[in-house]
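These are my notebook entries on one structure. I set down what I looked up, topic by topic.

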Amino acid sequence: MAKTRLLLSVLLAVSLAVAALGFAAPAQAQDGPVTLTITCRCVAGGVNNNLVVWLTTYVIPNFEKMMADQGREVKVELVEFGGSDEQLKEQYALDLSVGSGYDIMAFDGFWVPEFVGAGLLKPLSEVVGPEVNEWEGWGHISPGIQAILGYQGDVYGIASGTDVRQIFYRTDLFEQAGIELPWQPTSWEDVLDTARKLKEAGVPIPLQINAGTAMGEATTMQGYFMVLLGAGHHMYDFEQNKWIVSSPAILDALNFYKTVYVDEELGDARMQLLQDGRNRSFVEFRDGNIGMLVEGDWFWRSVMAPGSETGLENRNELVGWAKMPAKEPGAGYNSQDFVSISGGTGWVINPNTEHPSEAWALLSYMSSPEPVRAFELMQPRISFRDDVAVAGDPVMTAMAEALLPLTTVRPMLPEYPQISYEAQLMTERVVSGEMTPEEAMQAFDEAVTELVGEENVIRIPLQ
Amino acid sequence: MERRAIFSAKVGFLFLAPALAFVAVFLLYPFVRVFLLSFTNQTLLGTTAPNPEWVGFDNYRRLFDFDRWMRLGEFGSALKITTQFVIGSALIGQVGLGLLIAWAFYRKKGVLRETVYTLVIMAWIIPETVVAFTWVAFLDRDFGTLNALLDAVGLGQPDWLFKHPLESIILFNSWRGAAFSLLLFSSALETIPPSYIETAEVAGANAWQKFRDIFFPLLRGHILTDLILITLWTFNVFTPFLLTGGGPARRTELVSIYTYRTAFHGQHEFGKGGAIAVVMMLINFALALVYLSLIRRRRVHG
């Protein structure tokens, strides 16, 4: 008898504990107000401040009002994320893998294949329903831009723009060094000569080009790709569908890094190896310590924008830009004289959302002409809708016109991010002096071959 | 006379059940899970996330690929750095510092002792992230407190976290964890009968002789316990990540950071991460065995 009672009370205690754990979350009332969450790497007064301002002063109030007019009570909550892109990606991966996360997430296009491969993202038409296909916006967004958040024919979100990459330079430092403006180098030697002149003129960091794993994808895009493409080929051979793991071009690219960071110390290797290097590079550029910085147009329209955390009030006078030259004229990818590479970002809907139709309403509203125009006024950028023009920034327009015809993209493959990481590591080993370019390329070759298999790599013989 | 238990064995088991369930759910299950995981190519992202394959000993083979084992960012290098870190910060730093302070304040009272003890214990109990931020601020090349002091006396501004990253985290961890050894040794010192010391003093022993012939032999057991516990803890510590992120160029990549980077960063290779965890578990197990056998020998011979 006593035993039974004890057993019963133990059972009761256990079940109470389980109940407390499992059912503590309040059940969502069916017809009550809906709360949507949206998140991005954006902080009021910090990184991507414009996005916060746009969302909180324009998108959210107008959307809530629009929904109220339709008789639906919807509240939208912005969750600001202050870490790096890599940390945001980690957060998403972990959130989604346990079936949680925010309803709408700012997303980098090159993450999509990996997340889809893992089953963590679902096509919009599956998450929301076939009504997504009837949205008016698709007719105004080019297939190329739609594909930014697409993979194997499905679309997972709405892209909000693409970007291009180039060299930014400080006109005041160039004048100080007696370099003629406007400046446009036509070979790597031109770039290096300019850096040497700046060094002679006392510029502390003549040329900074991203390297190392701490900067994550910024290293691959703004750094490694810009020199690799200039040396003649891509990371991936799109005809044979194989990864290029050893080639004269890779060696040229690494030797360029070695010249800049090790042999002549034209750049600051320390900044590339410490944790917060990219932000440091923004601050050093703002403070007039960096002469040339290879970056994406985001640097122009957000980082340097007057009023931003690391902005310059007289940006348009102090910051010039030039196309990144190939090693020699005609020696670049596709025999180009100049090279660039583009990525793209946008917003996806979390497949775990409890309110898919409200989330879609918000996402499609954000991407409709009026809000997009409102954002263009705050931060002119390459517009993703053909019915919204770049709002009054001739520099942004000129960059887009000059570089979009030259640009290329990353391979949309689930294994890309891992190979990109190995490329970052390869540059890190060269700029830290740990390995010679030859050794670093050998290590890259081994690592990538291990990742994708011998049958998926090619090696271009060295002369 | 037959001894009767108050409860039957079954009821006894019932009382144990919650604890056993706890151990099973939070220790045994994860261990088995990690062990099985280490034989797969499971990742968090990519196609191997939903459909992992059994890869046998591949992950282990990759860990012990001796062609690149000692390269920065590989397992051998992480083990080497961890060993240096343990010897520097635990065995020399924490144990040495704890012993030194405990001995310096032996049989002393007063404001100085209280102040030193409070500071050492504070360093131990402040949350890790807070401590890490203060140390980053302390060691920064350009704006750090340490360099401001050094510069003021003309010693220049060394680039601590960049040029001397391993030394920096060793210094940090010695400072951070000295309290445990200090507390252990100061309470152990209390057990030494004052008459021993007084006799030695009458005989004219100097400080070193007292330490060598009285304190050290009597404290040997405590020192041993302390050494092994601290080694185990330091072996698995992760906080230096908050100072250096394992860098620059993986020069401070401890095994814990290596595991984290493999499993939860970039690649999200759960399979390989699991293999590292299993090897770590074996190393910890070996250390624990050494500890237990030494304790047992002390009981027998002590």
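In which helix of chain B is B:Asn173 found? I located B:Asn173 in helix 8 of chain B; helices (H or I, at least four residues) and strands (E, at least two) are DSSP runs, numbered from the N terminus.

**Basis of the entries**

I worked from a predicted model, in which local features need pLDDT of at least 70 and side-chain atom pairs count only at pLDDT 80 or more, while totals for chains, interfaces and linings use all residues. Residues are numbered from 1 along each chain as its sequence is written, chains are lettered from A and ligands numbered from 1 in the order in which they are written, and side-chain values use heavy atoms, with hydrogens and water left out.

**Entry 1**

I looked up the accessibility of B:Asn173 and noted a relative value of 5%. B:Asn173 therefore counts as buried (under 20% relative accessible area, with exposed over 50% and partly exposed in between; 1.4 Å probe, protein chains only). Setting aside neighbours within four places in sequence, I listed B:Phe85, B:Ser89, B:Gln94 and B:Thr234 as the residues in contact with B:Asn173, where contact means heavy atoms within 4.5 Å.

I then examined how helix 8 (residues 165-190) packs with helix 10 (residues 207-235) of chain B: the angle is about 145° and the axes are 10 Å apart. Axes here are lines fitted to C-alpha atoms, for helices over the stretch in contact, and angles run from 0 to 180 degrees between N-to-C directions. The crossing of these two helices of chain B is right-handed; a crossing is right-handed if the near helix is turned clockwise from the far one by less than a right angle, and left-handed if anticlockwise. On the helix 8 side the contacting residues include B:Asn173, B:Phe180 and B:Leu184, and on the helix 10 side they include B:Phe215, B:Asp226 and B:Thr234. By class, I recorded 11 nonpolar, four polar and one charged residues in this contact of helix 8 with helix 10 of chain B. Ala, Val, Leu, Ile, Met, Phe, Trp, Tyr, Cys and Pro count as nonpolar, Asp, Glu, Lys and Arg as charged, and the others, Gly among them, as polar.

**Entry 1: two further helix pairs**

In chain A, helix 10 (residues 248-263) and helix 19 (residues 437-452) pack at about 130°, with 9 Å between their axes. Helix 10 of chain A passes helix 19 of chain A in a right-handed crossing. Helix 10 of chain A contributes A:Ile250, A:Leu251, A:Leu254, A:Asn255 and A:Lys258, and helix 19 of chain A contributes A:Pro437, A:Glu438, A:Ala440, A:Met441 and A:Phe444. I counted this contact between helix 10 and helix 19 of chain A as seven nonpolar, one polar and two charged residues.

In chain B, the axes of helix 5 (residues 128-139) and helix 6 (residues 145-152) come within 4 Å and cross at roughly 25°. Helix 5 and helix 6 of chain B are therefore roughly parallel to each other. I found B:Ala137, B:Phe138 and B:Leu139 of helix 5 meeting B:Thr145, B:Leu146 and B:Asn147 of helix 6.

**Entry 2: salt bridges**

I noted A:Glu370 with A:Arg373, the closest N and O atoms being 2.8 Å apart. Because they lie three residues apart in helix 16 (residues 369-378) of chain A, A:Glu370 and A:Arg373 are separated by about one helical turn. A:Glu370 is partly exposed at 46% relative accessibility, and A:Arg373 is partly exposed at 35%.

I also followed a salt bridge between A:Glu446 and B:Arg71 (3.7 Å, N to O). This pair crosses between chains, from A:Glu446 in helix 19 of chain A to B:Arg71 in the loop between helix 2 (58-63) and helix 3 of chain B. A:Glu446 is partly exposed at 28% relative accessibility, whereas B:Arg71 is buried at 19%. Both residues belong to a network of salt bridges that also links A:Glu450, B:Arg62, B:Asp65, B:Arg68, B:Glu74 and B:Glu269.

**Entry 3: B:Ser77**

I placed B:Ser77 in helix 3 (residues 75-104) of chain B. B:Ser77 is buried, with a relative accessible area of 4%. Beyond four places in sequence, B:Ser77 is in contact with B:Trp69, B:Met70, B:Arg71 and B:Leu72.

Methods:
A salt bridge is a side-chain nitrogen of Lys or Arg within 4 Å of a carboxyl oxygen of Asp or Glu. Angles under 35 degrees count as roughly parallel, over 145 as roughly antiparallel, 65 to 115 as roughly perpendicular and the rest as oblique.
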